[in-house]
Amino acid sequence: MGDQNEEIKDAEPAVTPELKAIIPAPTYPDKLYLLPLNRRPFFPGMAAPIVIEPGAYYEVLKMVAKTEHKCLGLFLTKKEDANIYKISSEDLYSVGVVARILRIIPMEQGGAQVVLNMEKRVVLEKPLKNKYLFGQVRYQDDPSSDYLSRELKAYSISIITTIKELLKLNPLFKEELQIFLGHSDFTEPGRLADFAVALTTATRDELQDVLETFDIEKRIDKALLLLKKELDISKLQSTINQRIESTISKSQREFFLREQLKAIKKELGMEKDDKSIDLQKFESRLKKRTVPEEVMKVIREEMDKLSSLETQSAEYGVCRSYLDWLTIVPWGINSRETHDLRKAEKILEEDHYGLKDIKERILEFIGVGKLTGGIKGSIICLVGPPGVGKTSIGKSIARALSRKFYRFSVGGMRDEAEIKGHRRTYIGAMPGKMIQALKSSETMNPVIMIDEVDKMGASYQGDPASALLEVLDPEQNKDFLDHYLDVRCDLSNVLFIVTANVLDTIPEPLKDRMEILRLSGYIQAEKIEIAKKYLVPRNQAAMGLKSADVLFTDEALAQIINGYAREAGVRTLENNIKKILRKVALKKARRKGTRTEITEKTLSSYLGKPIFTSDRYYDENPIGVATGLAWTSLGGATLYVEAVKYPAEKTEMKLTGQAGDVMKESAQIAWTFVQSHLERYAGKIPFFEKAQIHIHIPEGATPKDGPSAGITMVTALLSLLLQQPIRQNLGMTGEITLTGRVLPIGGLKEKLIAARRSKVNVLIFPKENLRDYDELPAFLKKGLEVHFVETYDEVYEVAFKGKSHAAVPVAKKKTRRTKSR
């Protein structure tokens, strides 16, 4: 309430000097009801409607309307956000205007809209006690305007000139000027100043200041200042509007001209519409491809359908996208495959150090392709720990065959549509990864690498592993059907390379379709050569260093491998080399021309203290401790089995070390085997009478599982029972049965590498693993004494009596101190 909305257009005509003598002067009461205003004050000479809501002020309005004078006082509140229903006279400014009620228009929702005529200034002299705001007032008349000083005339002319300029910039002021002329004339400088101020968007405090200024010269001066400010704002607003309008009009003009130009070119045959351009693009693609007859039939049907659709329709976009994919598949386009075995061998040697068995298998594939005219229906699965070079081997195979290479990862994938595509009924549908690979490689016979196949998931959206069965089956993928394309696509010429860290999580039907090649990891000597030939030069170039800027000694590289990067692959080794090279690069940036030599002594200043000290907990195993060999997804590791006894009423065994279910069963089998064969191995020694046995596998935070620790647990229990330590530097692995048979294990190469790293040079393996051992390169076997056993009797002879059963001695015992380079 109390807002000034708009001036009344049907105001009374102006009172001329002739009428003044006839019409009696209006009378004003000395006491008035007060109406508070929040936003801005009113000035004399104005007429305005005000909305009065139901309540106290509506009651005041009805009382004033019944009086003869019909006058009330309008006063501005001192605070803009004041609650007008909870204020007193002290919260109002002392100067306001007296307003006479011209018309009251009741409203349907209650209250009324009242039209008021503001007549003269009024001063609140004394508030009076009343239920409503009420007070004694004094009226302030402007001095007579019969004689105007030259200064007032100049002010008046300046105000009129400024108002004229405002009218040019803002036509809304023209309406207010007409209303003013209907009530007053320009011969009254006071009224002119009031009108000029009312036109402005000045603040409520500035307007109240003008209202409280009774001196005409001061008032007109303040009014002119506010009017000039309003003129500057209007000019700025006009400039901004013109700038925006010119920009819009320019854009519209360019748009119309482009449309006209397009229409002219189309009439002259110089330019085609979007539909013609799309169809022409699809036709040009088809000329470069040998499209199967069934696919071509679908393409022609879709192109006919596209020709009849409007470009603005939603169906047009769907049809166009479908045709785009159908025609972008490289039908009949194949890379020219090379089967040069020498070139392939050279590329494999350039890109990778070691891995002779893997390279040999790859050359076999290429040799078969040379004889048959191409490699078809081959799915290679590279299995090994992270960082051993699975992905880079795939790239090397593609380079050796001169084929395009495309890689994508299925780790964490849970939607089979990622493989076989979405149906076109879905918004944002796309073909699967196989079709995308063909599009990206622009050939029908690329090398496609599917990474992390052992980490796929399954959800309500489907099982991607099952979707891969069709892709990786040579009998099925020649008619591969993508849900989006919905036409048969021949993938039989694609060479698929699959990578995984472990085979356990790969479904058996999928595993059966793949040729599995294992990458077991690298020994220290291989890592040193890889670092010297590949890792150091590559990262030196990446960091702006020359070969002369830094030199790694072999001892330093060996210390990095043993102390900081003890893993199967070389990823952590490369990260540590990068860390060193960054510090060298910083040193060179500060002092140019310095050469840095990385030695075993200076290594700690770059990498800090070694993370690993030794895999071995004991230099010499005490009684009840046996060393086993374990396989992990990161490579091989040594595994200690510790057994101790302590007095107890009941003889029983306790197993700790976060062992899995299979390992717990192995412990139970070992316990039962020792108890049932007690006389054979321990003679008359009683079986742990009144003692509880605690078997622990160190590094309790690491989960462990598998059956291959069976003979290790039996040996630890016998060592504790006989109170005799086992042979030093002895490591063993093998599953044991209740009758004492030693069954074969997996991961022999990884376990052998772990034994070399821990300097365990006497090993016991199951006899059935002899075939795996024979396939290992000679440098891995060098310096080891290996025993192949069928029963635990043979293990007992080696562990406790030092006798050799089926031993394969390859070097003398002093090789324990030999570095494996």
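Mentor: Helices α8 and α10 are roughly parallel to each other, since angles under 35 degrees count as roughly parallel, over 145 as roughly antiparallel, 65 to 115 as roughly perpendicular and the rest as oblique. Helix α8 (residues 274-287) packs against helix α10 (residues 314-328) at about 20°, the axes being 9 Å apart. Axes are lines fitted to C-alpha atoms, for helices over the stretch in contact, and angles run from 0 to 180 degrees between N-to-C directions. Bear in mind that this is a predicted model, where local features need pLDDT of at least 70, side-chain atom pairs count only at pLDDT 80 or more, and totals for chains, interfaces and linings use all residues. Residues are numbered from 1 along each chain as its sequence is written, and side-chain values use heavy atoms, with hydrogens and water left out.

Trainee: Which hand does the crossing of α8 and α10 have?

Mentor: It's left-handed: the near helix is turned anticlockwise from the far one by less than a right angle, whereas clockwise would be right-handed.

Trainee: Which residues in α8 and α10 meet?

Mentor: Contact means heavy atoms within 4.5 Å. From α8 you have D274, K275, D278, K281, F282, R285 and L286, and they meet Y316, R320, L323, D324, T327 and I328 in α10. The residues of this contact divide into 5 nonpolar, 1 polar and 7 charged.

Trainee: On to sheets. What is the strand order in the open sheet of 5 strands?

Mentor: Strands are DSSP runs of E, at least two residues long, and helices are runs of H or I, at least four, numbered from the N terminus. Two strands pair if DSSP finds at least two bridges between them. Here the order is β8-β9-β12-β7-β13, with parallel pairing. The edge strands, β8 (405-409) and β13 (515-518), each pair on one side only. Inside, β7 (379-383) and β12 (495-500) are joined by 5 bridges, with V383 opposite A500. Helix α12 (residues 356-372) packs on this sheet, touching β7 and β13, and its direction makes about 150° with that of β13.

Trainee: Is strand β23 mostly covered or exposed?

Mentor: Mostly covered: 5 of its 5 residues (762-766) are buried, meaning under 20% relative accessible area, with exposed over 50% and partly exposed in between (1.4 Å probe, protein chains only). V762, I764 and P766 are on one side, L763 and F765 on the other.

Trainee: Which strands pair with β23?

Mentor: β20 (730-732) runs parallel to β23 through 3 bridges, with L730 opposite V762. β24 (785-789) also pairs in the parallel sense, over 5 bridges, and there P766 stands opposite V789.

Definitions and conventions
Nonpolar A, V, L, I, M, F, W, Y, C, P; charged D, E, K, R; others polar.
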